[in-house]
Amino acid sequence: MRPPVSPRRRVASTATLVLAASALVAAPASAEVPSSVPEPPGRHEVRFATFNTALERPSQGALAAELATPDSVQARNVAEIIQHVRPDVLLVNEFDHDEDGEGARLFQDNYLSVGQSGAEAIDYPYVYTAPVNTGVPSGADLDGDGEAVMEPGSPGYAEDAFGYGAFPGQYGMVVYSMYPIVTERVRTFRTFRWADMPDALLPTDPGTGESYYSEEALEVLRLSSKSHWDIPVDTGRGRPVHLLASHPTPPAFDGPERRNVLRNHDEIRFWADYVTPRAGSYIYDDEGGRGGLPVGAPFVIAGDLNADPNDGDGHPEAVTQLLEHPGITDPRPASQGGRGAAQRQGGANDDHVGDPGLDSADFADEPGPGNLRVDYVLPSRIVPVRASGVFWPTVDDSLFRLTGDYPFPSSDHRLVWVDLVRP
């Protein structure tokens, strides 16, 4: 049973709850439901989803300014996808963060709460957002050019930030939920240092074998390129489900030291250790709390992890740390649209060994990497899975207009969803 829609929406941050009025206006749904639209979850089920919406903008405040009107074509398409799939708990990646949560509120009020092209409006009473590392200056030379750039807008600034970004908050994250978020128990791990992970895959200079990063850089360099969040969601059955949200750096845009490949591996490893009894004892959160997830606590790992288990340029063991973890279920969400896209687009896709039906992102085909499975919703084994899928309409589906081919009308990523029995 769904919780009642609240007349007020709560936007949670690490510091405060911000209240925003709702403007729920439902439009009549289409009489004929396209095949890409999933059936609603069952009475005792909850739908978790992740969606890299590509709603990042090149300058601070630009996204909120765009969302202040209902005129953004991309935001309308993104909202319509969400309205068709109707997740109960949704992690949004690549959504610029602002300190007041204004962008998250405006997206709800002007887009989600307005029926798009015949889809039914959707209202999320609970919203969580918090600062991320992208665009935050590190004060250290992280790209190896001999200079620590601190001035936003200067060449090299994004490369020397804790996470690549032109300004603080670019490529941020937001969680929308139909169910209450237990804000007093949220844990964030934005400031956890990479060097504090035992046996971390810290990069070395292949020519000298010495550390790629200076001692000064290792003293400050954080593991999370955005952040890692543990967000307990009260689904109404007594035990909250811990949404473990992140968006690791892509394993690209580096050099022979492969610093981004290695960081991506360890950002994913963080969750593998966090959910493994005793393996996460080294972990500390931003408030100083130590240790991993309590034994037996139900969880869902979600996000654009930027790692495919079979194809692409990532570390070969990066995401298999989760997919083959004894405490995690891989529901293998799939779509016919992904299979059709790989066949239609060719290029690097022709050499892939993974099932294209599992792909969740439509990347460049020439020279590559081609379409990949990089977005995941991975529940703990104690939470039964009932259904799953990737919203990727086929070319003959009336909703293909929402995803399309490059240039994309919404995002180069696809929404991935999984229906779980509420624990």
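**View 1. The largest pocket and its lining.** Of the 40 residues that line the largest pocket, T249, P250, A252, F253 and N306 lie nearest its centre. The model is predicted: local features need pLDDT of at least 70 and side-chain atom pairs count only at pLDDT 80 or more, while totals for chains, interfaces and linings use all residues. Residues are numbered from 1 along each chain as its sequence is written, and side-chain values use heavy atoms, with hydrogens and water left out. The space in this pocket comes to about 950 Å³. A pocket is an open set of points on a 1 Å grid over the protein atoms alone, with protein on both sides within 12 Å along at least five of seven lines, and lining residues have an atom within 4 Å of a point. Grid points are joined across faces, edges and corners, and the volume is the space filled by probe spheres set on the points. Strand 3 (45-55), helix 4 (157-160) and helix 6 each give at least two residues to the lining, and helix 6 has the largest share, 3 residues. Helices (H or I, at least four residues) and strands (E, at least two) are DSSP runs, numbered from the N terminus. The lining is made up of 17 nonpolar, 11 polar and 12 charged residues. Here Ala, Val, Leu, Ile, Met, Phe, Trp, Tyr, Cys and Pro count as nonpolar, Asp, Glu, Lys and Arg as charged, and the others, Gly among them, as polar.

**View 2. The largest cavity.** The whole structure has 1 cavity of 30 Å³ or more, where a cavity is a set of grid points at which a 1.4 Å probe fits but cannot get out. The largest cavity holds about 30 Å³ of space. F95, D96, H97, D98, G101, G103, A104, T129 and V174 line this cavity; by class they are 3 nonpolar, 4 polar and 2 charged residues.

**View 3. An aromatic cluster.** Ring pairs join F189, F192, F270, W271, Y274, Y282 and Y284 into a cluster. Rings of Phe, Tyr and Trp (its six-membered ring) pair if their centres lie within 6.5 Å; planes under 30 degrees apart count as stacked, over 60 as edge-to-face and the rest as tilted. The count by this rule is 17 aromatic pairs. F192 and Y284 make a tilted pair, 4.7 Å centre to centre with 45° between the planes. F192 sits in the loop between strand 7 (187-188) and helix 5 (215-220), and Y284 in the loop between helix 6 (259-274) and strand 10 (299-304), so the pair ties together parts 92 residues apart in sequence. The F270 and W271 rings are edge-to-face, with centres 5.3 Å apart and planes at 75°. F192 is buried at 1% relative accessibility, and Y284 is buried at 17%; buried means under 20% relative accessible area, exposed over 50% and partly exposed in between (1.4 Å probe, protein chains only).

**View 4. Helix 8 and its ends.** G337, G338, A341, A342 and Q345 are the buried residues of helix 8 (residues 336-345). They lie on the same side of the helix because they cover an arc of only 135° around its axis, the arc being that of the directions from the helix axis to the C-beta atoms. Exposed Q336 and Q343 are on the face turned away from the buried side. At the N-terminal end, S335 caps helix 8 with a side-chain oxygen 2.9 Å from the backbone nitrogen of G338. Just after the helix, G346 has a positive phi of about 60°.

Terms used:
Polar contact = N/O pair within 3.5 Å; in protein donor to acceptor, adjacent residues only side chain to side chain.
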